[in-house]
Amino acid sequence: MRLNKLFASMILVGASFSGNGVAETFQPFEVTDIQIDGLQRVALGAALLSLPVKVGDTVDQVKLQQAIKSLYASTNFETINVAREDGVLIVTVKERATISAVTFEGNKDIKDEQLQESLDGSGIKIGESLDRTMLSGIEKGLQDFYYGVGKYGAKVEAEVINLPRNRVELKFNFTEGLAAEIRQINVVGNSVFSDSEIIGLLELKDYVAWWDLFGERRYQKQKLQADLETVKTYYHNQGYIRFEVSSTQVAMTPDRKGLYITINVDEGEKYKVSEVNLTGELMGREKLMKAILPIKEGDMYNGGDVTFTEEMYSKYLGRFGYAYPEVKTFPEINDETKEVSLNINVNPGKRVYVRSINFSGNAVTKDEVMRRELRQMEGAWLNSAQVEQSKSRLNRLGYFETVDTETVQVPGSDDLVDVAFNVKEQPSGSFNAGVGYGTESGLSLQFGVQQSNFLGTGNQAGVSLNTNKYSKNVNFSYTDPYFTKDGVSLGGSIYWNEFDANEANLERYKNKSYGIALNSGFPINEYNRLNGGIGYRHNSISEISAYEQALRFYNVYRESDDPNADLSFDNFELNGGWSRSTLNRGTFPTDGSSQRFSAKATIPGSDLQYFKTDLDTNFYLPLTRNHGFVLLTRARLGYANGYGSFNQNDQILPFWENYYSGGSSSLRGFKSNSVGPRSFYLYRGSEPCAPDPSGDSCSLPGEPNQIQVSSGRSIGGNAIATASMEMIVPTPFLDEAYSNSVRTSFFVDAGNVWDTEFDYDSYRYLPADQFDKLEDYSDPSRIRASWGMSVQWLSPMGPMVFSLAWPIKEYEDDETEIFSFNIGKTF
């Protein structure tokens, strides 16, 4: 017969010794056997391992208490009952239920992913056993979060739904309610700065203008703490080193829907710097470190300058391998003289060397492609400037959305570190099904494949098969940017193109061309690069409209025996250029600048002799510390002309090599390629008319004042100047995580294209009103301008651009285009 005896009192919650209900004096006994009842999921062996009692042990009350604690510590059991039958120790357990599902209902401020991540840290996840004692703490923690964001009516309840086979579904029910709004913020104790000045520094607001669509008066505890630090920093930067926020009060209205915040401050007085002392280990660089010290004796104390000095010295030491320097400023305040003595102590610590450099996140890009961009070397001392330079070079590749670096100390060593580069790759090319649409230009289509990181090698490869209503082309290209280990690039392309200008909003002509080109680039230093190349191009020009500017070219090169034959040219070209870039990223940069100068010219002896030059420059100026707001300025200048002579005529620039402007890539708000000179025709009646070589009349019989000028389409010019200013802003309603792949900006564009070589004066015999119209075509002061907004983003199909633009300076013959949208278009 089983004899039940009570072995211990209720020392542990949930543990009991079953008996007859009468407490008896405990007597130690020797365990002859151990029996565990109630096991389902937990194996008998695992339970016995958690029980610190073995057969043959003599147990007393203390040992049994320890055994029960050990079983509970295994987190497998909800209740434990211990009994004895003679020498048999009987343990009856109830296992904790297994969590088979975790669900959330009613949560809007916290995403499911955030909640699950938090629960995982507490051991509440599918497949684990449920510790019911933790639920109340989790409920309170979630409720405190809602209180922190001003939702004082929020409630969180954890519901346990029992399922068969000792399983449960854990369901969290949220009642978030409305956030309490800030009714008023009061500042008490201030006299130096007004309430409005101080409240203007705060992120929390008690008033939001009607036009501020994104402003809110919602209270958040974390924001209040940050705002108090902002106010303290502001005062310290103005010399008030004794400034303190003595207390804050947050009072709630009875309906729990409104808050009143009171900030009590003690401003103190302004202090000046009496002296600055550099102490510590200065490594023999004391003279230089003092020379670059931004704080001088007699300056007003500025906490920002002190922080900047500490950071500057830390970065300076980091360039020499001192990765963990300690630079601390100890102020000695003299309240009588209102002066402060700054003692800056420098402790460089131990010089640190790089053991290895590791990469993560690069699923496509090979390690060697990234490693060749590094300026920090393994085995060398850690140089913070070189690490940052390496990060910038990786960013400028354009393969990555983000590049992060981390310095990890090697365990067991105080002078070795590993440098980790973690990247997030982005599309570095496109399977390009291009679509373009404009309010005037309509729909266009194109197809192509371009890859600037071919198979992760860093090489640029492309097979472009593009077609739209005005162009068909095939292009095969390949470039190895590291043809040599020193960064000399080598590449080439083979292409064929068929272009119908009439369908491209230009004056009619057709151009069929094919060619081959080789190019190479040479790095000068970290930011500058030279490039050059040679190529062959064949052009076949046909169906040229008989407008006056084209006739100037056509009459020189046409075949005298067959004046209606197509024009055909074979040219050998040389090209060269210089580029400079300090941009912080290759795609969507936010800081730095880039300049590019390019020139090409046909080799003397080619069918046509001409040259073209281009200068492009971009400057990015971040206006906020997080680069949320960035000012971008851009400019382009170009000039082209012929050189030498042909059949006693000066060589001129072929009209198909003219510069064009207008559209999403230059002057937004104007129809593509429409800005600049337009073709013109001379007519008397229905017959075309050309200038008489004598220069005073038309070659057709009749009165010169009867000649009519008919304007045609855009033909471009041999000179171009454009400029743009953009304010890049955070994209509304979009998470900050997408800032590297989506860009929104407001812009102003301006510029013009004109012709410096066409002799409009030879048409002065025309009626005055007609001639004045022609003369405008060569006037560079006819600047067009527009303003608008643009959204650009990266997609698997390639870059996309959406623009809305309105002209603010235009002329009678200009063609405008308010809306444009392009897929697969290069920015």
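Begin by selecting Glu 573 and Arg 537, whose side chains meet in a salt bridge with 3.1 Å from N to O; a salt bridge here is a side-chain nitrogen of Lys or Arg within 4 Å of a carboxyl oxygen of Asp or Glu. This is a predicted model, in which local features need pLDDT of at least 70 and side-chain atom pairs count only at pLDDT 80 or more, while totals for chains, interfaces and linings use all residues. Residues are numbered from 1 along each chain as its sequence is written, and side-chain values use heavy atoms, with hydrogens and water left out.

Colour the two strands next: Glu 573 belongs to strand β26 (residues 567–581) and Arg 537 to strand β25 (residues 528–542), so that the pair links distant parts of the chain, 36 residues apart. Helices (H or I, at least four residues) and strands (E, at least two) are DSSP runs, numbered from the N terminus. Both Glu 573 and Arg 537 are buried, where buried means under 20% relative accessible area, exposed over 50%, and partly exposed in between, with a 1.4 Å probe and protein chains only.

Now extend the selection to Lys 600, Lys 612 and Glu 657, which are linked with Arg 537 and Glu 573 in a network of salt bridges. Within it, the side chains of Lys 612 and Glu 657 meet at 3.7 Å, N to O, and this pair joins strand β28 to the loop between β31 (649–650) and β32 (678–684), 45 residues apart. Lys 612 is buried, with a relative accessible area of 15%, and Glu 657 counts as buried at 9%.

Stay on strand β28 (residues 610–622) and pick Asp 616. Why does Asp 616 count as buried? Because its relative accessibility is 18%, which is under the 20% limit. Leaving aside neighbours within four places in sequence, Asp 616 is in contact (heavy atoms within 4.5 Å) with Ser 594, Gln 595, Arg 596, Ala 635 and Arg 636.

Another stop is the salt bridge between Asp 813 and Arg 782, at 3.6 Å from N to O. Asp 813 lies in the loop between β38 (798–809) and β39 (819–823) and Arg 782 in the loop between α12 (768–775) and β37 (784–795), so the pair ties together parts that are 31 residues apart in sequence. The count for the model comes to 27 salt bridges.

Move on to Glu 181, in strand β10 (residues 181–188), which is partly exposed at 38% relative accessible area. Glu 181 touches Arg 217, Lys 257, Gly 258 and Leu 259, not counting residues up to four places away in sequence.

The largest share of the lining, 4 residues, comes from α11.

Finally, colour by pLDDT, the predictor's confidence in each residue, from 0 to 100: the mean is 83, and 88% of residues reach 70 or more. Over residues 1–25 the pLDDT is below 50. Where pLDDT is low, the predicted coordinates should not be read in detail.
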